[in-house]
2 protein chains.
Amino acid sequence: MKYIIAGCFITLAIYSTQAQTLHSPTKKLTLNFQVNTAGEPTYQLRFGAKPVIKPSRLAVLLQNQPGFDKGFTIAKIDSSATDETWAPVWGEVKQIRNRYKELAVTLQQAAAKNRRLVVRFRLYDDGLGFRYEFPAQPGFTYFTVQEEKTEFNLTGDHKTFWIPGDYDSNEYTYSTTRLSEINTTPIEAIQLKSAPQRVQTPLMLKTQDGLYVNIHEAALVNYPAMMLDVDTKAFGLTSHLVPSATGAKAYLQAPEHTPWRTIVVSDKAPEVLASKLILNLNEPSKIADTGWIKPQKFVGVWWEMHVNKASWNYADTSNIKLATTDWSKLKPNGRHGANTANVKRYIDFAAKHGLQSVLVEGWNVGWEDWANNWKEEVFDFVTPYPDFDVQELQRYAASKGVKLMMHHETSSSVTNYERRQETALRFMKEHGYDAVKTGYVGRIIPRGEHHDGQWMVNHYNRTAANMAQQQIMVDMHESVRLTGLHRTYPNWLASEAARGNEFNAWSTGNPPEHETILPFTRLMGGPMDYTPGIFQIKLEPWNPKANKGRQVHTTLAKQLALYVTMYSPVQMAADLPEAYEQHLDAFQFIKDVPVDWDDTRILAAEPGEYIITARKAKGKDEWYLGAITDERARRQTVKLDFLPPKARYTATIYADGKDADWEKNPMVYQIRQVLVDSRTQLPLQLAPGGGTAISLKPATKEELRKLKKQ
Amino acid sequence: MKYIIAGCFITLAIYSTQAQTLHSPTKKLTLNFQVNTAGEPTYQLRFGAKPVIKPSRLAVLLQNQPGFDKGFTIAKIDSSATDETWAPVWGEVKQIRNRYKELAVTLQQAAAKNRRLVVRFRLYDDGLGFRYEFPAQPGFTYFTVQEEKTEFNLTGDHKTFWIPGDYDSNEYTYSTTRLSEINTTPIEAIQLKSAPQRVQTPLMLKTQDGLYVNIHEAALVNYPAMMLDVDTKAFGLTSHLVPSATGAKAYLQAPEHTPWRTIVVSDKAPEVLASKLILNLNEPSKIADTGWIKPQKFVGVWWEMHVNKASWNYADTSNIKLATTDWSKLKPNGRHGANTANVKRYIDFAAKHGLQSVLVEGWNVGWEDWANNWKEEVFDFVTPYPDFDVQELQRYAASKGVKLMMHHETSSSVTNYERRQETALRFMKEHGYDAVKTGYVGRIIPRGEHHDGQWMVNHYNRTAANMAQQQIMVDMHESVRLTGLHRTYPNWLASEAARGNEFNAWSTGNPPEHETILPFTRLMGGPMDYTPGIFQIKLEPWNPKANKGRQVHTTLAKQLALYVTMYSPVQMAADLPEAYEQHLDAFQFIKDVPVDWDDTRILAAEPGEYIITARKAKGKDEWYLGAITDERARRQTVKLDFLPPKARYTATIYADGKDADWEKNPMVYQIRQVLVDSRTQLPLQLAPGGGTAISLKPATKEELRKLKKQ
């Protein structure tokens, strides 16, 4: 990792004006900061000449003392410039440039014993980050944030991609409306919608004059997640923090600071997807030796439970007590997925096809009545069901060169998980596991806390740190959405924290546009374990009676393309081995596609409509391309000018078949190979809800002889 | 342990009446159970012909479903009788007789799908225990208790010894008033008084016709503590459960049951103190091998902090972050008590005088700003201050045959303690500790939970169980008050959970009557670590400027007597070595007095006035006697007829000196030896706030020659 830091600090002792202007490195963006006549700090942001954020106030309200909201004067201004380059442990690109101008404004409240607050701005060419900093100062050590009132006053009635402000779930489909139309009332709650005009971040907006604006946060540490309250008349957004069990928002100790509030802006949608602003605003890796962190593909005893072909639970009973139930005496239901023989089948499949690991859900006791009971003692994370032989599977997997991936479903009984976590991690190390998928289904214990509140945010971060110490990789489901912390904890490979492919199995599903929105929203903060790769799009064959979600809402080819359009260092091949075995030609793409990259090019993108992405494999002369569309069929021509000049590549194209359609004919696909080079213009034809996946490898001599040029 | 169980079960299929009568084994008490015309279950209790509890309703209200309160009919009645004897691991007596009549009434609610509730009564000659049982039944597995409405309708305006219904503290002085006068409003809150007419249990009452009634609970497991709401006009008490963070009271899973509600009754105050009803209602020991459990006396680096001669904290600063503070760089304040040299001084003292162990508080980092900040990361329980050498002290203590006692102050950040407890216990085992004093000062985290709520009750019990598994003894401070669970977890030696001697150091103190009330209230549930043995009654010599509590509110002799009147298997010699060294003649009693007994006789007692107790040392032909009084001087003559006939004993009498007075002249005492036997009538003269302690050992030949007969 190489750092080039060019800092230049300027401190002025006296300010003739209460206003400051800052330009981004190439002057694309301009920030204005001003303390208004009420002593309220405000900021505004322009993209070239276009306003993006109109004058907006900055405020943090405190419990039992005056707020950091008004009566301020500027006490000090520090400004600097940084231009450095760093290399992520894994990711979409090999190197990331971190180039910004910084303005740190120290504000002082005369009426509150000259209490000080710092607002720190970092202005990039692709957006703005800013945060509140609470310096240690006499008489101000422990304090409680009652609310944060950061305004994002927008310039018009933008098109908005939003989900309701649920404190405990982000597993919603996106609504696309004008700001003025935002109303979560008709939407069925996943856990608990908090207010009708409250939405979550990352919030994606498009202005009427073609600007793309994304509002989120970076480095969510020791603070609740930020939601946004929408003023549907004035088009203003105001921050709303997820409450703790007491109703207060954050219990803090100075010196402390909030996460960065981020605004990514561009007039080109692909540039929003390419932005590294959120990663840049996070701290460098806290893990010194990262050699053990392995991006990976995996299969798992998982989808068969979602399609109701098998069960997580071993017995069919609805009253289990962890401390007293004798599991060996329960009557097996005969459908338990995590049995030794079945797991071996997945190990065999992974070994045969070169996938690194096998996730097994439902291996440990407690699944009979695990959910929705707000029960504290649910799982112990170390006791297998009688039909799951830990030692034998450890031996068998090792003999096949495959890793087993641990599963820690907590059912949101987090106190229980925390007190057992040390033992659970020791169990993992003793049995050869080096990665774990965690889960937080249901209501949180400590009761009254929320998934996205400060206490849980601290839990997720602490868990990532604990696991790093044990050299364990983690993939968190139902956690708070990501904010770039995978830079700091690169063992935190991914989270779910959005509506994944699984919803297609047992709900109304995900509309075809869903995967074209996720990269503009949830994925802005980091990788998602979306679990793509479902080949048996129609679910009938598995269990015709029980599947409520009758099919996945894409074509098969689009499932392949998702491995490229939705970046994650941990990607599941989510379908059953028997599904893949019927389409081994298509499965070849999943075998080939990497999970770590040297370079990424967003070739075309429009939120809610389409995304075309090309990526170069890490350390390899191979490129992969994914193109997806919403429910509309599309023809797109892509230029392969990202390829090095002159070299010829074999493009293996996995495309929607004739008359393919996500709903009526989703499983038809065609695979063809052609020779291409950097001058090639490749026409893509995407079916409704369809996609195309392409691998590009240097052409062999035989291929040069045999294949046609595109 | 010998069990003689004589059970006789009678089940009647049809009940011509909805009323049942049960007599205690020797018919001292009579219970009536009746379902009234509204289908409400009611009970009443008589002592001989005297009513104790008038008809009182039994009800448990549930969240989101009909309550277990009315519309009941009796579906089944089971009755039985038990008479068994068991031996406690340690205690006041060698053997305990458990003799009761039982009535288990199965109630059924036709309007609630024939839902069933069992009320189980156990009637002893010295009182009644009853509990609610929730059988597993179709459609009734997980449920939430909204409130319990158990009534104790009393027969008049009794004299009552009470403390306010604080959900988080029982460290109050007792108020003695009529029921009609109960009002907690003028009392300064220790944490949070919940309602003006709400009081805690054990609640001690005395009727105008001379009955002593004690109301409490036994076996508080997986349920909140019970408080009592007082109807000051009708003299009724109604149970009120301590709420969880959500306001609900208990999250339960059938089959489950509540703790036993207990009513101890006698016309003799000593019989209340001698009652083993609460212990009998608890489950037998869950610990198979109890050989490692050692009742013990200890000294500690402790009182010197309370009198402000030393500090818990190593540095004087008010802003510490556990994760980042470099303790070696803090400036020592020069007053840190837990330094290696000082601890060695205590080890030397303990070794010299045959005390088993040395408690050290303030040994671990974090004390600089540990309290009152509602901060989660306060202590880690494994990192010593720079001046506390763990290895050296381990070596030194072992070389002297003394044990160090660990201290885990949690500052009520219980989530933090739970996630570190496994490591903390491992640290103890690695460094030779086998006992720990825990502490829960401040507001609970998980925020919104209370010290006496279900979540914390589970924490205390889980902690006792975890420690039992590691063969660690525990003494819990600021925990919920005890309910006899030391029968089940005999490694749980004691709790504080009341106002201890420490309040004399830094507050208005404990009035002289305090220790005559505690055995009738707090100690009904189990041993208290009261920390008696303060010899330097006037605190001036230690630090004249800083001691707010200027003196202890007893005479020195009374401090000795407390070792007998307030039973605990773990007793501190709480004063400083230098205080004891000035009074080694009096200290001899503390050296001699056992902490485990074969027999106990309450010779005389009146709550709020006096207590005289004699106990026989475990496995030894020695007796000890303690007599204490309130602020009034008393003459009492005690018959030593508990001694075996004919044998002669040397009585060493530690009495208040001439003109002794708790306030004006507390430190004067006299020690004399006389020969006594079972016919001796020993006149005791107790000073105001005074007491007498006596050891009785078989007289040696020399003593027979030298000493006078009383």
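User: Where in chain A is the place of A:Ser412?

Analyst: This is a predicted model. A:Ser412 sits in the loop between strand S25 (403–409) and helix H6 (414–430) of chain A.

User: Why is A:Ser412 called buried?

Analyst: The cut-off for buried is under 20% relative accessible area. A:Ser412 has 0%, so the label buried applies.

User: What makes the phi of A:Ser412 worth a remark?

Analyst: Most residues other than glycine have a negative phi. Phi of A:Ser412 is near 65 degrees, a positive value, and the residue is not glycine.

User: Which residue of chain B has a phi near 55 degrees, and where is it found?

Analyst: That is B:Gln471, again a positive value in a residue other than glycine. B:Gln471 lies in the loop between helix H7 (454–469) and strand S27 (473–476) of chain B.

User: Is B:Gln471 buried, partly exposed or exposed, and how do you know?

Analyst: Buried means under 20%, exposed means over 50%, and partly exposed is in between. B:Gln471 has a relative accessible area of 34%, so B:Gln471 is partly exposed.

User: What makes the peptide bond from A:Thr201 to A:Pro202 cis?

Analyst: Its omega is near -5 degrees. Most peptide bonds are trans. A:Pro202 is in the loop between strand S15 (198–200) and strand S16 (203–206) of chain A.

User: Which peptide bond of chain B is cis?

Analyst: The bond from B:Ala254 to B:Pro255, with omega near -5 degrees. B:Pro255 is in the loop between strand S20 (250–253) and strand S21 (256–257) of chain B.

User: How do you know whether chain A agrees with a compact globule?

Analyst: Compare the radius of gyration with the globule rule. For 710 residues the rule gives a value near 27 Å; chain A has 26 Å, so the two agree. The C-alpha atoms fill a box of roughly 75 × 70 × 50 Å along the principal axes. Of the 710 residues, 66% count as buried.

User: What secondary structure does chain A have?

Analyst: Chain A has 13 helices and 37 strands. Among its contacts between residues at least 6 apart in sequence, 72% join residues at least 24 apart.

User: How much area do chain A and chain B bury between them?

Analyst: About 2700 Å², with 45% of it on carbon and sulfur atoms. On the chain A side, A:Tyr142, A:Arg419 and A:Arg447 lose the most area to chain B, together 23% of what that side buries. By contacts, 32 residues of chain A meet 33 residues of chain B.

Methods. Residues are numbered from 1 along each chain as its sequence is written. Chains are lettered from A and ligands numbered from 1 in the order in which they are written. This is a predicted model: local features need pLDDT of at least 70, side-chain atom pairs count only at pLDDT 80 or more; totals for chains, interfaces and linings use all residues. Side-chain values use heavy atoms; hydrogens and water are left out. Helices (H or I, at least four residues) and strands (E, at least two) are DSSP runs, numbered from the N terminus. The radius of gyration is taken over C-alpha atoms; the globule rule is 2.2 Å times the number of residues to the power 0.38. Buried means under 20% relative accessible area, exposed over 50%, partly exposed in between (1.4 Å probe, protein chains only). Contact means heavy atoms within 4.5 Å. Buried area is the accessible area (1.4 Å probe) that two parts lose on being put together, summed over both.
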